[in-house]
Amino acid sequence: MRLFGLYVVVELVALVAVVSWLGFAWTLLLLMAGAMVGMWLVRREGARASLAMAEAVRDGRAAHAEVTDGALVGLAGLLILVPGVVSDALGLLLVLPPTRALARRWLVREAERRAPVLRTARIRDGGVVIDGEVVPGAGPSGSAPRWPDQPRPGQPRPGQPPIIEGRIVEG
């Protein structure tokens, strides 16, 4: 409740300052023009974020940046709809791609600081994924029990590609 009270006081002080600087008519015109330009930008940037998200999904990669962009564009639209000089200015800044990128970096850094699991998920996003399956059989610890329909180690299963044994060396 105190935060809302602080918001109202900041908006009123900013509105009085702008009215005393520009006059009532110009301030009203500025607010209406800001809302119209802001909503046009929100619509345009929201469509871009949506297309980028669809492309990321189509490419099979995690769309964390695209989802964050979409959320920030939505927040910018909300700030522009809320009446006030400060909220309009913040909304207009947030809808612009360069300032949105800064906000996204800050938001991701804060989220990763609070939940370190998010950092590992973002790091893994760029890595190569090797599809495989666990095959019971002789391993480093000796021989493991075999099922009756399982072929001997080194022989391919009927209808299956051969199993390639090895290790992954990063470098």
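Visitor: Among contacts in the chain with a separation of 6 or more, what share comes from residues 24 or more positions apart?
Guide: Happy to start there, with the reminder that this is a predicted model. Taking the contacts with a separation of 6 or more, the share held by residues 24 or more positions apart is 51%.

Visitor: How much of the chain is buried?
Guide: A residue is buried when its relative accessible area is under 20%. Of the 171 residues in the chain, the buried ones make up 19%.

Visitor: Are helix 3 and helix 4 roughly parallel or antiparallel to each other?
Guide: Helix 3 covers residues 64-81 and helix 4 covers residues 85-95, and their axes lie 7 Å apart. The packing angle is about 155°, and angles over 145 degrees count as roughly antiparallel. Helix 3 and helix 4 are therefore roughly antiparallel.

Visitor: Is the crossing of these two left-handed or right-handed, and which residues of helix 3 make the contact?
Guide: Helix 3 passes helix 4 in a left-handed crossing. On the helix 4 side, the contact uses Ser87, Asp88, Leu90, Gly91, Leu92, Leu94 and Val95. By class, the contact has 9 nonpolar, 2 polar and 1 charged residues. From helix 3 come Leu72, Leu75, Ala76, Leu79 and Ile80.

Visitor: Where does Gly74 lie, and is Gly74 buried or exposed, or partly exposed?
Guide: Gly74 lies in helix 3. Glu45 is 29 residues from Gly74 in sequence, with 9.6 Å between the two in space, C-alpha to C-alpha. The relative accessible area of Gly74 is 45%, so Gly74 is partly exposed.

Visitor: How many aromatic pairs are there, and is the pair of Phe4 and Tyr7 stacked, edge-to-face or tilted?
Guide: The count comes to 1 aromatic pair. Phe4 and Tyr7 sit 6.2 Å centre to centre, with 35° between the planes. Planes under 30 degrees apart would count as stacked and over 60 as edge-to-face. The pair of Phe4 and Tyr7 is tilted.

Visitor: In which helix do Phe4 and Tyr7 lie?
Guide: The two are 3 residues apart, about one turn of the helix. Both belong to residues 2-22, which is helix 1.

Notes. Residues are numbered from 1 along each chain as its sequence is written. This is a predicted model: local features need pLDDT of at least 70, side-chain atom pairs count only at pLDDT 80 or more; totals for chains, interfaces and linings use all residues. Side-chain values use heavy atoms; hydrogens and water are left out. Axes are lines fitted to C-alpha atoms, for helices over the stretch in contact, and angles run from 0 to 180 degrees between N-to-C directions. Helices (H or I, at least four residues) and strands (E, at least two) are DSSP runs, numbered from the N terminus. Angles under 35 degrees count as roughly parallel, over 145 as roughly antiparallel, 65 to 115 as roughly perpendicular and the rest as oblique. A crossing is left-handed if the near helix is turned anticlockwise from the far one by less than a right angle, and right-handed if clockwise. Contact means heavy atoms within 4.5 Å. Ala, Val, Leu, Ile, Met, Phe, Trp, Tyr, Cys and Pro count as nonpolar, Asp, Glu, Lys and Arg as charged, and the others, Gly among them, as polar. Rings of Phe, Tyr and Trp (its six-membered ring) pair if their centres lie within 6.5 Å; planes under 30 degrees apart count as stacked, over 60 as edge-to-face and the rest as tilted. Buried means under 20% relative accessible area, exposed over 50%, partly exposed in between (1.4 Å probe, protein chains only).
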